[in-house]
Amino acid sequence: MYLAPEKKAELFAKYGKDANDTGNTDAQIALFTYRINHLTEHLKGNRHDYNTERSLVKLVGKRRSLLDYKMKKDIVAYRELIKELGIRK
């Protein structure tokens, strides 16, 4: 399994208030980014895996929606988050 519960809790603890703060926008964006990076690596070796490609596109759309929300609410925090996660805009 690529996403162990410990890794998930670590992401939520780092970007949320604590490990149980799963609804925080920053934590959700960090989790989506981790999953997107994993699926991207998978698709580099499996070019014809179209189901995974579709899942990747959906995840990118969800992350984009959350990033747009974050940008509207707090532009400074948005810029810090994309810099920390290495997301290009």
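**View 1. Packing of H3 against H4.** H3 and helix H4 (residues 75–85) pack with their axes 6 Å apart and at an angle of about 140°; axes are lines fitted to C-alpha atoms over the stretch in contact, and angles run from 0 to 180 degrees between N-to-C directions. H3 and H4 are therefore oblique to each other, a class left over once angles under 35 degrees (roughly parallel), over 145 (roughly antiparallel) and 65 to 115 (roughly perpendicular) are set aside. From H3, Arg64, Leu67, Lys70, Met71 and Lys73 meet Ile75, Ala77, Tyr78 and Ile82 of H4, contact being heavy atoms within 4.5 Å. By class, this contact has six nonpolar, three charged and no polar residues.

The model is predicted: local features need pLDDT of at least 70 and side-chain atom pairs count only at pLDDT 80 or more, while totals for chains, interfaces and linings use all residues. Residues are numbered from 1 along each chain as its sequence is written, and side-chain values use heavy atoms, with hydrogens and water left out.

**View 2. The largest pocket.** About 190 Å³ of space lies in the largest pocket, an open set of points on a 1 Å grid where a 1.4 Å probe fits, with protein on both sides within 12 Å along at least five of seven lines. Its lining, residues with an atom within 4 Å of a point, includes Thr33, Asn37, Val60, Arg63, Leu85 and Arg88. Helix H2 (25–45) and helix H3 (50–73) each give two or more residues to this lining, and H3 provides the largest share, four residues. The lining has five nonpolar, three polar and three charged residues.

View 3. Mean pLDDT, the predictor's confidence from 0 to 100, is 93 for the protein. Confidence is lowest in helix H1 (residues 5–15), at a mean of 92, and highest in H3, at 97.

Technical notes
Points joined across faces, edges and corners; volume = space filled by probe spheres on them. Nonpolar A, V, L, I, M, F, W, Y, C, P; charged D, E, K, R; others polar.
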